[in-house]
Amino acid sequence: MESSTNSLDDVSVDGSGESADRASVMETRLQAQEDEITLLKSSLADALRRIHLHEQLLPVLTQQLIAVNPAAARIINQVCCHDSIHGGRQPRNSLRTKSDYLVLQKRQIKHLNKKAVSSANLLCPSPNLENRARELVANSGSRRGTYSQEQSIKMFIRGRPITMYIPSNIQNYEELKMEPPSERLELDWIYGYRGRDCRANLYFLPTGEAVYFTSCVIVLYHINKRTQRHYRKHTDCVRCLTLHPDKVRIASGQTAGVDKDGKTVQQCVHIWDSTTLVTLQQIGLGTFHKGLGSVAFSTMDSGVFLCVIDDSNEHMLSVWDCTKGTKQAEVKTTNEAVFAVEFHPADSTNIITCGKSHVHFWTLSSGQFTKKQGIFGKYKKPKFIQCFVFSLTGEVLTGDSEGNILTWGKSAADIKTLGKGAKETFQIMRQTKAHEGSVFTLCILKGGAVLSGGSKDHKITRWSADLAPERECEIPENFGAARTIADMDGEELLVGTTRNAILRGTFSEGFVAVVQGHVDEMWGLATHPSINVFLSCGHDRQVCVWNTEEHKLDWSITLEDYGLCADFCPNGSVVSVGLSTGRWVVLDLLTREVIADFVDGNEQLSVMRYSPDGSCLAVGSHDNFIYIYNVTENGRHYTRFGRCNGHSSFITHLDWSKDGGYIMSNSGDYEILYWDIAAGCKLLRNRFESKDREWASYTCVLGFHVMGVWLEGSDGTDINALCRSHSESMVAVADDFCKVHLFKYPCPKPKAPSHKYEGHGSHVTNVRFTHSDSHLLSMGGKDTSIFQWRVIRPTSASSTASSEPSSSS
């Protein structure tokens, strides 16, 4: 009986699998048929347009022929009489279809070409009859407006045709000239810091600046003046950073980036001047096949040598002569993760590396490395050695995942046990319990005191030179744990944390954040309608409100679910945030409290958009619906008005018309639909009727006015977001290749030129202009950074941008 049941279960499983396969095949065939029907409809519409065009063409040709050659009138009469009596068995007014009439017209045109056109030389030799027809119709003035109103063009995404109707105010689409905007962008500020997964990436310079990195940019932030400068020569995410003994030069390395063809970009270590931001050297160009994980200058010889650990499987250790730019030696370290590398401060031939379950002591002699492993002996071997420093006496102190500080020293060879050939070893001389969880960072102060940062206890502890505890303080939990510590003056400290914040403070007065950022992928971005404030939200469940003038976080709250989209009410008092579960909330900007909470469907929300007067709110969902709410009491009361039902895929973007009566929306299957909201969320079947409608905002990535932002061969996901400026003179685009583009608006022709800006290390998920168009904000998805770009306008006609697209380094 049991075997019979099992057999039935197996059959059921097989049957369900076959059903799923059949359903998949049928869905594929159905989609193919739908695409074919769409193409047929487009072809039919095009054929009807051509018929109408030829109806206009014949009388125009006749007038032109007679004007040039009066004898042509007799020829035309003969041709028409001949066709009506002999060739055309039916009178013209009895032709059954327009296509029959078209055949007759073609025959007449053919006769005209043979008998009259050659002598009158009226027709252009161009094979494109449509272009000639447009010219003739325009010149004759016959039904000019009618033709222009019915123009449409198509763009194709993944083989799917998308029809765009040309507005009536564009008389000759072909003659439109696309130029880049006269405005340009200049990087003004970066919100964010990469502390969640990087180590030893925060230093304090004698200039009063903190140097750190996020995404592809190294930031030099003046702590007191609150200004930023940016080193922007890296082409992918920066992963390591070190300061030269002269406190001026900096070495930095990045991950292994790829070019447009998917080939790995040649890696190198950039050595640059922190005062001028000029690149002084590129070490190892073309020799690193993977990204770079750690870099360090030698100390004893004033930074002549540089050691590098790459991100290859073997984590190659190489040493370079900076004066010559040549490699001195190279060796495989381990297949396990390597977290840090440093020269011994008293001997540049000795190098230490640490990482997963190891501490290695390297000696470089005559271009060859010899390695000695640290011996844990009677002490428990930790899973990770997270960090290390050198004491003033030259001992190595390591921090590990067990919360201990281990003191390492040389031990004489044990000849009795290991024999005469035994060599000295590096062993643990002392173990000091320091923190709960891992010791993430160690820092040596000038007087020999040691600072340590713990993971679970969120504490920073000060130890004497002989590791006696002296003082401790606790970092607020919302900032995470100390990832790296930089000494400012022996008393004041900078602390980079695991939640991407940089804190400034002392043991006695505590710590405050001077840099903050998100810690996970971001998508939601909205700018305030009247003041210099914007909101961001992402997968870390944080909703953050930022001030663009003071360059700081005003406030933040944590929600139960992560946010994906947001929009400010036009009165500026509240903001709505759409979440990943179909839930959306309304926040009061003054009290910072949730004043409304709704759920629409059970799938993620992708767009929130208030109508221009704030009387309605549209909520776009991944369940293919757009939910419409009436808004009263200055954005504090919401009532469901209706639902827009017609998209066959999830909603991606939407915009309201300027009169607040209509919505334009895009979906995941590249549809453009229009809705009459006042008429009960009615879908407008004839999209041609919306071609002249004016839109209060333009964030839809598909539409006639922004068709030129798409690159040839785009698959539909290459552009994540766009935003038209409030002045309607430019449009910013966030693409999937870490770039921000600035186009002139409108840009309705393919291959429109743009200004291109780099710096993000991940797909750019969103862009928004501030209320006065003074700045543009761009959001990197997984690089967790927000870039604030200053909009630079030309000061005179002579400074107008050229017609060629340009890049910003």
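Here is a quick tour of some side chains and the contacts they make in this structure.

The model is predicted, so local features need pLDDT of at least 70 and side-chain atom pairs count only at pLDDT 80 or more, while totals for chains, interfaces and linings use all residues. Residues are numbered from 1 along each chain as its sequence is written, and side-chain values use heavy atoms, with hydrogens and water left out. In total, the structure holds 26 salt bridges, 25 aromatic pairs and 0 disulfides.

- Asp-567 sits in strand 36, which covers residues 563-568; helices (H or I, at least four residues) and strands (E, at least two) are DSSP runs, numbered from the N terminus.
- With 13% relative accessibility, Asp-567 counts as buried. Here buried means under 20% relative accessible area, exposed means over 50%, and partly exposed is in between (1.4 Å probe, protein chains only).
- Leaving aside residues up to four places away in sequence, Asp-567 touches Ala-526, Val-575, Ser-576, Met-608, Arg-609 and Tyr-610, where a contact means heavy atoms within 4.5 Å.
- Arg-609 is 42 residues from Asp-567 along the chain, and their C-alpha atoms are separated by 5.8 Å.
- A polar atom of the Asp-567 side chain lies 2.9 Å from the backbone nitrogen of Tyr-610.

**Cysteines**

- There are 0 disulfides here, a disulfide being a pair of cysteine sulfur atoms within 2.5 Å.
- Cys-216 is in no disulfide, and its nearest cysteine sulfur, that of Cys-237, is 4.8 Å away.
- Cys-216 is buried, at a relative accessible area of 3%. Cys-569 also counts as buried, at 2% relative accessibility.

**Salt bridges**

- The count is 26 salt bridges, each one a side-chain nitrogen of Lys or Arg within 4 Å of a carboxyl oxygen of Asp or Glu.
- One of them pairs Lys-380 with Glu-402, with the closest N and O atoms 3.6 Å apart. Lys-380 is in the loop between strand 19 (368-375) and strand 20 (385-390), and Glu-402 is in the loop between strand 21 (396-400) and strand 22 (404-411), so this pair ties together parts 22 residues apart in sequence.
- Lys-380 is exposed, with a relative accessible area of 60%, and Glu-402 is partly exposed, with 28%.
- Arg-636 forms a salt bridge with Asp-588, and here the closest N and O atoms are 2.6 Å apart. This pair links distant parts of the chain, 48 residues apart: Arg-636 is in the loop between strand 42 (625-632) and strand 43 (637-645), and Asp-588 is in strand 38 (residues 583-588).
- Arg-636 is partly exposed, with a relative accessible area of 34%, whereas Asp-588 is buried, with 6%.
- Lys-691 forms a salt bridge with Asp-692, the closest N and O atoms being 3.1 Å apart. Lys-691 counts as buried at 10% relative accessibility, and Asp-692 is partly exposed with a relative accessible area of 43%.

**Aromatic rings**

- Rings of Phe, Tyr and Trp (its six-membered ring) pair if their centres lie within 6.5 Å; planes under 30 degrees apart count as stacked, over 60 as edge-to-face and the rest as tilted. By this rule the count comes to 25 aromatic pairs.
- Phe-361 and Trp-408 make a tilted pair, at 6.1 Å centre to centre with 55° between the planes. Phe-361 is in strand 18 (residues 358-365) and Trp-408 in strand 22, so the pair ties together parts that are 47 residues apart in sequence.
- Both Phe-361 and Trp-408 are buried.
- Trp-584 and Tyr-638 have ring centres 5.5 Å apart and planes at 80°, so they count as edge-to-face. Trp-584 lies in strand 38 and Tyr-638 in strand 43, so this pair ties together parts 54 residues apart in sequence.
- Trp-584 is buried, with a relative accessible area of 0%, and Tyr-638 counts as buried at 6% relative accessibility.
- Ring pairs also link Phe-361, Phe-376, Trp-408 and Phe-426 into a cluster.

**Charges over rings**

- Arg-643 lies over the face of Phe-625, at 3.8 Å from the ring centre. A charge sits over a ring if NZ of Lys or CZ of Arg is within 6 Å of the ring centre and within 35 degrees of the ring normal.
- The charged end of Lys-749 sits over the ring of Tyr-173, 5.6 Å from its centre.

Conventions: Polar contact = N/O pair within 3.5 Å; in protein donor to acceptor, adjacent residues only side chain to side chain.
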